[in-house]
Amino acid sequence: QVQLVESGGGLVQAGGSLSLSCAASGRVDGVGWFRQAPGKEREFVAARSWLGSGTISANSVKGRFTISRDTAEKTVFLQLNTLRPEDTAIYYCAATRSGRVGPSREFYDYWGQGTQVTVST
(Lines give C-alpha, C1' and ligand atoms only; values in the text may rest on other atoms or scores of the structure.)
Protein backbone atom coordinates (compact mmCIF):
# COMPACT_ATOMS: atom_id res chain seq x y z
CA GLN A 1 0.00 0.00 0.00
CA VAL A 2 1.30 3.44 -0.96
CA GLN A 3 0.03 6.64 0.64
CA LEU A 4 0.10 9.82 -1.44
CA VAL A 5 -0.08 13.34 -0.03
CA GLU A 6 -0.38 16.36 -2.30
CA SER A 7 0.66 19.88 -1.38
CA GLY A 8 1.51 23.17 -3.03
CA GLY A 9 -1.88 24.36 -4.15
CA GLY A 10 -3.02 27.91 -3.65
CA LEU A 11 -4.32 31.08 -5.22
CA VAL A 12 -2.42 32.55 -8.16
CA GLN A 13 -3.12 35.15 -10.82
CA ALA A 14 -3.60 34.17 -14.44
CA GLY A 15 -0.24 33.79 -16.13
CA GLY A 16 1.44 32.74 -12.91
CA SER A 17 2.98 29.44 -11.81
CA LEU A 18 2.61 26.87 -9.06
CA SER A 19 4.48 23.72 -8.18
CA LEU A 20 2.46 20.86 -6.76
CA SER A 21 4.09 18.03 -4.84
CA CYS A 22 2.97 14.48 -4.33
CA ALA A 23 4.83 12.75 -1.50
CA ALA A 24 4.65 8.97 -1.59
CA SER A 25 5.27 6.54 1.26
CA GLY A 26 7.22 4.34 -1.12
CA ARG A 27 8.90 4.44 -4.49
CA VAL A 28 6.53 5.18 -7.37
CA ASP A 29 7.46 4.57 -11.01
CA GLY A 30 4.19 5.62 -12.61
CA VAL A 31 2.26 8.71 -11.55
CA GLY A 32 -0.66 10.58 -12.99
CA TRP A 33 -2.25 13.90 -12.15
CA PHE A 34 -5.97 14.50 -12.48
CA ARG A 35 -8.13 17.48 -11.63
CA GLN A 36 -11.74 18.14 -10.79
CA ALA A 37 -13.44 21.49 -11.13
CA PRO A 38 -16.73 22.27 -9.33
CA GLY A 39 -19.64 20.57 -11.04
CA LYS A 40 -17.39 18.68 -13.45
CA GLU A 41 -16.02 15.18 -13.66
CA ARG A 42 -12.46 14.38 -12.71
CA GLU A 43 -10.27 14.73 -15.78
CA PHE A 44 -6.82 13.58 -16.76
CA VAL A 45 -4.04 16.18 -16.73
CA ALA A 46 -0.71 14.42 -17.24
CA ALA A 47 1.15 11.26 -16.38
CA ARG A 48 4.65 9.95 -16.46
CA SER A 49 6.23 6.52 -16.25
CA TRP A 50 9.86 6.19 -15.25
CA LEU A 51 9.91 2.67 -16.65
CA GLY A 52 10.26 3.75 -20.25
CA SER A 53 6.89 4.83 -21.57
CA GLY A 54 7.53 8.50 -20.93
CA THR A 55 5.05 11.32 -20.46
CA ILE A 56 1.53 11.90 -21.70
CA SER A 57 -0.58 14.98 -21.15
CA ALA A 58 -3.93 16.46 -22.00
CA ASN A 59 -3.98 18.87 -24.93
CA SER A 60 -5.19 21.64 -22.64
CA VAL A 61 -1.95 21.57 -20.61
CA LYS A 62 0.65 20.59 -23.21
CA GLY A 63 3.61 22.91 -23.08
CA ARG A 64 2.48 24.41 -19.76
CA PHE A 65 2.57 21.57 -17.19
CA THR A 66 5.57 19.33 -16.50
CA ILE A 67 6.00 16.24 -14.32
CA SER A 68 9.28 15.48 -12.55
CA ARG A 69 10.52 13.38 -9.66
CA ASP A 70 13.09 13.90 -6.92
CA THR A 71 16.24 11.80 -6.70
CA ALA A 72 14.84 9.72 -3.84
CA GLU A 73 12.06 8.70 -6.26
CA LYS A 74 9.38 9.28 -3.65
CA THR A 75 8.18 12.80 -4.42
CA VAL A 76 6.67 13.73 -7.74
CA PHE A 77 6.12 17.30 -8.84
CA LEU A 78 3.69 18.90 -11.24
CA GLN A 79 4.94 22.28 -12.41
CA LEU A 80 2.08 24.46 -13.59
CA ASN A 81 3.08 27.41 -15.76
CA THR A 82 1.09 30.07 -17.60
CA LEU A 83 -1.96 29.28 -15.52
CA ARG A 84 -5.43 30.13 -16.74
CA PRO A 85 -8.69 30.58 -14.82
CA GLU A 86 -9.96 27.36 -16.39
CA ASP A 87 -7.14 25.49 -14.62
CA THR A 88 -8.95 26.11 -11.33
CA ALA A 89 -9.69 22.72 -9.76
CA ILE A 90 -8.71 20.27 -7.08
CA TYR A 91 -5.61 18.44 -8.31
CA TYR A 92 -5.08 14.80 -7.41
CA CYS A 93 -2.03 12.65 -7.86
CA ALA A 94 -2.35 8.92 -8.43
CA ALA A 95 0.15 6.09 -8.67
CA THR A 96 0.22 2.70 -10.31
CA ARG A 97 1.63 -0.55 -8.95
CA SER A 98 2.84 -1.56 -12.39
CA GLY A 99 4.58 1.67 -13.35
CA ARG A 100 2.45 1.89 -16.49
CA VAL A 101 0.37 5.01 -16.91
CA GLY A 102 -2.55 6.13 -19.03
CA PRO A 103 -5.25 8.78 -19.21
CA SER A 104 -7.93 6.65 -17.55
CA ARG A 105 -8.54 6.45 -13.81
CA GLU A 106 -8.57 2.64 -14.06
CA PHE A 107 -4.77 2.60 -14.52
CA TYR A 108 -4.22 3.90 -11.00
CA ASP A 109 -4.16 1.98 -7.73
CA TYR A 110 -3.47 4.74 -5.21
CA TRP A 111 -4.86 8.25 -4.88
CA GLY A 112 -4.07 11.31 -2.81
CA GLN A 113 -6.59 13.56 -1.12
CA GLY A 114 -6.14 16.49 -3.50
CA THR A 115 -4.92 20.06 -3.33
CA GLN A 116 -6.86 23.13 -4.44
CA VAL A 117 -5.55 25.35 -7.23
CA THR A 118 -7.38 28.62 -7.86
CA VAL A 119 -6.43 30.91 -10.72
CA SER A 120 -7.84 34.43 -10.65
CA THR A 121 -8.29 36.77 -13.59
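What percentage of the 121 residues of the chain count as buried? The figure is 45%, where buried means under 20% relative accessible area, exposed means over 50%, and partly exposed is what lies in between, with a 1.4 Å probe and protein chains only.

Before I go on, a word on the basis: this is a predicted model, in which local features need pLDDT of at least 70 and side-chain atom pairs count only at pLDDT 80 or more, whereas totals for chains, interfaces and linings use all residues. Residues are numbered from 1 along each chain as its sequence is written, and side-chain values use heavy atoms, with hydrogens and water left out.

Let me begin with the fold. The chain has 11 strands and zero helices, both being DSSP runs numbered from the N terminus, with helices as H or I of at least four residues and strands as E of at least two. The radius of gyration of the chain is 13 Å, close to the 14 Å that the globule rule gives for 121 residues, so the chain is as compact as a globular protein of that length; the radius is taken over C-alpha atoms, and the rule is 2.2 Å times the number of residues to the power 0.38. Along the principal axes, the C-alpha atoms fill a box of roughly 40 × 25 × 25 Å.

Turning to contacts, meaning heavy atoms within 4.5 Å, we find that among those with a separation of 6 or more, 58% are accounted for by residues 24 or more positions apart.

Now the charges. With Lys and Arg counted as positive, Asp and Glu as negative, and His and the chain ends not counted, the chain has 13 positive and 10 negative side chains. If a salt bridge is a side-chain nitrogen of Lys or Arg within 4 Å of a carboxyl oxygen of Asp or Glu, the count comes to eight.

Technical notes:
Charge placed at Lys NZ, Arg CZ, Asp CG, Glu CD.
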